[in-house]
Amino acid sequence: MSEPRVYHNLIGGEWVASASGKTFESRNPADSREVVGIFQDSSADDINAAVAAARTAYPTWRLMPAPKRGEIMFRAAQLLRDRKEQYSREMTREMGKVLSETGGDLVEALDMLYFCGGEGRRLHGQTTPSELPNKWQLSIRQPVGVCGLITPWNFPMAIPSWKMLPALICGNTLVIKPAEDTPASTYNLVQCLIDAGLPPGVVNIVTGYGPSAGQPLVEHLDVNIISFTGSTATGRRVTELAAPTMKRVSLELGGKNPMIVLDDADLELALEGVTWGAFGTTGQRCTATSRLIVQRGIAQEFTHRVVERAQGLRVGNGLDTDAQVGPIINQRQMERVLNYIEIGQQEGARLLCGGQRLTGGAHAHGWFIAPTVFADVRPQMRIAQEEIFGPVLSILTVDSFEQAITVANDVQYGLSSSIYTRDVNKAYQAMRDLYTGIVYVNAPTIGAEIHLPFGGTKATGNGHREAGQQALDLFSEWKSIYVDYSGGLQRAQIDNAE
Ligand code: UN1
């Protein structure tokens with residue numbers, strides 16, 4: 001095995017070691033003997049230098065015409081496409097998910113490059129008539145300044161792209177702190193931008209842990225926006241830390257996403273959907289299907305078929321083309337998932353399959369958990385309420401459509417939801433009544449596209465949305481402009497009332 005690469009922080013266009021000289025290792029979750037890379041263990045000094053570099057780059061970047069900023073993204077997209085195979089492999093080594101999924105993660109970043117590149121020629125505002133003659137008015141977006149971006153490990157390239165690219169196209173500069181488990185993919189995406197002509201200091205990368213590197217970024221007086229994706233508990237902490245500086249904070253947090261399957265559903269389709277929604281990405285998506293709410297008439301048969309599917313899934317190293325489900329990201333997270341499985345059993349749910357760590361053979365050195373299904377789950381059990389973030393599906397049985405909607409909504413989260421039915425009236429009622437940021441009909445809870453807003457209600461966030469044109473609202477301030485070409489003082493209507 002070759003020597004692991006040493007990655008440096010990117011500050012003002014230079015690759016630099018952390019001020020303290022400390023580093024940390026990122027290891028392959030499918031084989032923890034393998035060091036994927038060595039990264040800088042950064043602290044406030046490094047964050048301060050990176051924020052200063054972003055601030056220095058800001059005046060020039062702000063004034064670069066937005067279509068030109070977009071052209072850099074189009075060129076970067078071409079490079080990213082050319083490097084897809086290599087970068088996907090590197091992503092599987094650091095994050096664990098299977099190659100087809102890391103390829104998809106990269107494609108999501110590619111889509112975002114094209115989408116935001118295109119926004120460079122739109123960034124639409126409004127023009128409106130005036131109350132007065134010979135007067136013209138419009139609204140435009142202006143950038144906000146320096147953005148601090150803190151990203152999670154489950155989408156190592158897609159989520160950094162969701163945050164970086166809208167920030168950049170609006171004319172902001174930024175500092176990104178990627179998750180300590182998966183920083184390499186952020187480097188790969190940024191390398192494409194640099195090779196495409198991104199000026200120094202516009203994007204700065206600082207790696208490290210939450211308390212030592214994330215916190216000083218959140219608290220920094222010269223950072224205008226924080227965009228964070230992660231757990232609800234950390235999101236709450238980010239809000240508290242940012243509050244004294246009055247900066248804008250966007251949070252993308254947990255989910256406990258339900259899939260409803262009614263008696264009249266196409267069961268084969270629903271089966272495909274729940275298998276993918278619950279066990280794709282090893283259940284480590286904030287959109288993962290973690291509750292299956294089935295109507296009583298089909299509950300027994302459908303549960304049986306779900307278990308059969310779950311047992312048939314091949315768990316292994318994501319680089320192995322035969323594997324369908326990869327490992328859990330790290331030991332701590334694996335133990336957390338196993339702990340939830342224990343809680344489920346103590347609460348009286350019926351464990352139908354999985355439930356244990358896989359060891360020996362190809363699993364000997366990784367963090368693998370067998371796809372797990374619980375039945376007889378009641379709505380108030382912890383495994384029906386709390387985000388597990390692993391390959392664990394809780395099945396709840398209900399008597400009616402109405403009860404299904406009530407149970408679906410009765411959690412603290414509101415990211416994604418789904419319903420399988422052939423009844424068009426029920427489908428429309430569900431679209432109206434499921435109180436989540438994303439609703440799917442006859443599709444699982446995962447698979448959002450980047451040109452629609454992404455985010456959730458309640459404890460899933462704080463009202464902002466990522467992706468889509470809504471992402472631009474986070475990264476810009478509106479400016480309304482009035483131009484009077486009458487040659488005289490015209491008082492506004494409110495100052496001129498009869
Ligand atoms: C996440 O898990 O944080 O909708 C993002 C999806 C993906 C993104 C998930 N496009 O499943």
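## Strand pairing in the predicted model

Two strands are taken to pair if DSSP finds at least two bridges between them, the strands (E, at least two residues) and helices (H or I, at least four) being DSSP runs numbered from the N terminus. In this predicted model, local features need pLDDT of at least 70 and side-chain atom pairs count only at pLDDT 80 or more, whereas totals for chains, interfaces and linings use all residues. Residues are numbered from 1 along each chain as its sequence is written, and side-chain values use heavy atoms, with hydrogens and water left out.

Two bridges join β6 to strand β7 (residues 135–143), and these strands run antiparallel; Thr128 stands opposite Gln137 in β7. The open sheet to which they belong has three strands in the order β6-β7-β24, with antiparallel pairing. Its edge strands, each pairing on one side only, are β6 (127–128) and β24 (476–484).

## Helix α1 against helix α7

Helix α1 (residues 44–63) packs on helix α7 (residues 210–219) at an angle of about 40°, with the axes 8 Å apart, where axes are lines fitted to C-alpha atoms over the stretch in contact and angles run from 0 to 180 degrees between N-to-C directions. The angle makes α1 oblique to α7, since angles under 35 degrees count as roughly parallel, over 145 as roughly antiparallel, 65 to 115 as roughly perpendicular and the rest as oblique.

On the α1 side, Ala44, Ile47 and Val51 meet Ser212, Ala213, Pro216 and Leu217 of α7, contact meaning heavy atoms within 4.5 Å. The residues of this contact divide into six nonpolar, one polar and no charged (Ala, Val, Leu, Ile, Met, Phe, Trp, Tyr, Cys and Pro count as nonpolar, Asp, Glu, Lys and Arg as charged, and the others, Gly among them, as polar).

## Helix α6 and its partners

The axes of helix α3 (residues 84–95) and α6 come within 9 Å and cross at roughly 160°, which makes α3 roughly antiparallel to α6. Tyr87, Glu90, Met91 and Glu94 of α3 make the contact with Ala184, Ser185, Asn188, Gln191 and Cys192 of α6, and these residues divide into four nonpolar, three polar and two charged.

A search of the whole structure finds nine aromatic pairs, for which rings of Phe, Tyr and Trp (its six-membered ring) must have centres within 6.5 Å, planes under 30 degrees apart counting as stacked, over 60 as edge-to-face and the rest as tilted. One of them is the tilted pair of Phe39 and Tyr187, at 6.0 Å centre to centre and 45° between the planes. Phe39 lies in strand β5 (residues 31–40) and Tyr187 in helix α6 (residues 184–195), so the pair ties together parts that are 148 residues apart in sequence.
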